[in-house]
Amino acid sequence: MSSTTAVRPTTGTPPTTRRPRRRLSGRALSFIILTIGLLVWLVPFAWMALGSVKTQSEILQRPPTWWPENPTGDNFAQWFGPLDFGTFFTNSLVVAVVTVLGNLIFCSMVGYALAKMEFPGKKILFAVVMITLMVPGVVTFVPLFVMVSKLGLVNSYAALILPFITAPLGVFLMRQFMLGIPEALIEAARIDGASELRIFARVVMPLCGPPLATLAILTFLTSWNNFLWPLVSAQTESMYTLPVALSLYSTGQNATNYGLLLAGSVLVITPILALFVVLQRYFIQGIATAGLK
């Protein structure tokens, strides 16, 4: 009786070669889907940019053209000429920057108190913050305008800034990130005799780069694109922000100047894209770490 064992021939592809192929096909499919999504997202922006240098007649012609037949800079010239783009841009920039700074300071303070301090009513205060997140802004619009009007702040920077100087989303974002800061760091600072304000400024804030960048982008985006509130509270041309000016001057009683509208849209969106490109690494990191605790 032979002691040799018969070796059966193997059929099919070994598992070690199947897995890389499956991974490769999965990556390729993901890449294709993401590429299609990116193109779908970019097409409206490309149409906006190309349309901003078209004439009104070319924009309205049928069938529409993709590339401008006779590129013109008249649409941008109107914004920088008779429409006083500098005033509208300055108003939007002042409102957005001050609103961002206010949110970074006050949301961080409240977030630190909710995350690292003990005081009566702490849980109730956090519950109020969470409930406020679910309240639509339209609900508080009229009472807020009445309050601003009673204080005599209508048609001023204060009316455009103070109602948005802090936000529940910012408080929640900063609180969630600060929960992940080791308690040992704060306790060591307290043992050394540091006050809570000093701990907040010297220990906690230097560690909060990602959530601060995230909050700055979200707040700047919201403030820069805010339309309804500036439309009501800014009642003279000298206080108009860019979205208000874009709506009022590109839309007439009988027709819409689409070239002017598209050129203004390019001018409005450019600062937002620039800010996101500069802070995108911190923005993604802040979004990824905000919900860990």
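A nonpolar core is a set of buried Ala, Val, Leu, Ile, Met, Phe, Trp, Tyr and Cys residues joined through side-chain atoms within 4.5 Å, where buried means under 20% relative accessible area with a 1.4 Å probe, protein chains only. In this predicted model, local features need pLDDT of at least 70 and side-chain atom pairs count only at pLDDT 80 or more, while totals for chains, interfaces and linings use all residues. Residues are numbered from 1 along each chain as its sequence is written, and side-chain values use heavy atoms, with hydrogens and water left out.

The largest nonpolar core holds 50 residues, of which Trp-79, Tyr-112, Met-174, Met-178, Val-204, Cys-208 and Trp-224 touch the most other members. Helix H4 (residues 85–116) gives the most to this core, with ten residues; helices here are DSSP runs of H or I with at least four residues, and strands are runs of E with at least two, both numbered from the N terminus. Not counting residues up to four places away in sequence, Val-204 is in contact (heavy atoms within 4.5 Å) with Tyr-112, Met-178, Ile-181, Ile-186 and Ile-199.

The protein chain has 14 helices and zero strands, and 33% of its 293 residues count as buried.

Confidence is given as pLDDT, the predictor's score for each residue from 0 to 100.

| Part of the protein chain | Mean pLDDT |
|---|---|
| Whole chain | 83 |
| Helix H14 (residues 258–290), lowest | 76 |
| Helix H7 (residues 157–161), highest | 93 |

In the protein chain, 86% of the residues reach a pLDDT of 70 or more. Where pLDDT is low, the predicted coordinates should not be read in detail.
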